[in-house]
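Have the viewer open and follow along.

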Amino acid sequence: AYHHPEFAGSAGVAPRYAEWFGEIVERTARMIAHWQSVGFAHGVMNTDNMSIHGITIDYGPFGFLDAFDAGHICNHSDEGGRYAFDNQPGIGYWNLACLAQALTPLIAVDTLKAMLARYEAVYGEQFLALMRAKLGLVTGEEADTALIWDLLEVLQQGKVDYTRLFRLLGTFDSAAGAETAGLRQEAGYLGSFDAWTERYGARLRREGSEDGERRVRMDRVNPAYVLRNYLAEQAIRAARDDGDVGELEQLHQVLRTPFTEQPGMERYLAPPPDWGRALVVSCSS
């Protein structure tokens, strides 16, 4: 009645419990699709850390991917990788199934299963739409799924910085045979990336993409800045050891507008230094 009044019913009208649960399923699917699209790992997706609002709580070991690794584990106590980055969509479904079990006194089992079945489709549609937007695509082709997954495979192969690569893709020249030196350097000069950019350029030309307009759209969805663990660590050390909260305040200000590159803030665009590439965090971080 308080959080979802549209399903609460009224005098003589029963609450619409099944539709309420279906809404929770869809909100959760969309949330996790957003996580995957920006390279966000939660790290401790216990059922009690999920919310019916399509948000989540208990941020401790979370982090954004630096060098792309689909199996990235951001919580040092997650020895089996249950909450690894590529497991998050499946864990979202598993947690919803646990909620469904708790709701069996209110909703028939067959109905709960039908509501749960929405998850995969909603997640898939949302993820595909988000990734198309990240690539600057405005139309849909059946081959887009392969284009997206093949790029992620390239990033995995070269342990390429996820945030930086997608941001730089906004500068891609879609003309046939155009130079891609900056992108090639970011991707580690992988031959597989060169082959992928040829397909990407052809895809953009098929839909008549205009590079300048496309970059504006891509910069709206591909952040320049994310809260990298090493940036948080620097701010924590300065505040804890020196009583200097200046770095914390500066980092907070930069992250308020993550899609806009800000003058003098170039250091926040950089990949992690060697000491910051493998920081270990925990639920108490």
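Where is the place of K159? K159 lies in the loop that links α5 (144-158) to α6 (162-169). Keep in mind as you look that this is a predicted model. The backbone at K159 deserves a glance: its phi is near 50 degrees, a positive value in a residue other than glycine. K159 is partly exposed, with a relative accessible area of 42%. You will find Y189 in the loop between α7 (181-186) and α8 (191-206).

Now let's turn to how the helices pack. Two packed helices are described by the angle between their axes and the distance between the axes. Take α5 and α8: their axes come within 10 Å and cross at roughly 155 degrees. Angles over 145 degrees count as roughly antiparallel, and α5 and α8 are therefore roughly antiparallel to each other. The crossing of α5 past α8 is left-handed. On the α5 side, the contact is made by D144, A146, L147, D150, L151, V154 and Q157, while α8 brings S192, F193, W196, R199, Y200 and R203.

Helix α5 has another partner to look at, namely α4 (residues 118-134). The axes of α4 and α5 come within 10 Å and cross at roughly 70 degrees. Since 65 to 115 degrees counts as roughly perpendicular, α4 and α5 are therefore roughly perpendicular to each other. Here α4 supplies F127, L128, M131 and R132, and α5 supplies D144, T145, I148, W149 and L152. The contact of α4 with α5 divides into 6 nonpolar residues, 1 polar and 2 charged.

Our last stop is α11 (residues 246-255), where the buried residues are E247, L251 and V254. Why do the buried residues of α11 line one face of the helix? Seen down the axis of α11, they fall within an arc of 60 degrees, so they share one face. The buried residues of α11 pack against α10 (229-242). Over on the other side of α11, E249 and H252 are exposed.

Methods: Residues numbered from 1 in each chain as written. Predicted model: local features only at pLDDT ≥ 70, side-chain atom pairs only at ≥ 80, totals over all residues. Heavy atoms only, no water. Helix = DSSP H or I, 4+ residues; strand = E, 2+ residues; numbered from the N terminus. Buried < 20%, exposed > 50% of the residue type's maximum accessible area, 1.4 Å probe, protein only. Axes fitted to C-alpha atoms, helices over the stretch in contact; angles between N-to-C directions. Parallel < 35°, antiparallel > 145°, perpendicular 65-115°, else oblique. Left-handed = near helix turned anticlockwise from the far one by under 90°. Contact = heavy atoms within 4.5 Å. Arc of directions from axis to C-beta. Nonpolar A, V, L, I, M, F, W, Y, C, P; charged D, E, K, R; others polar.
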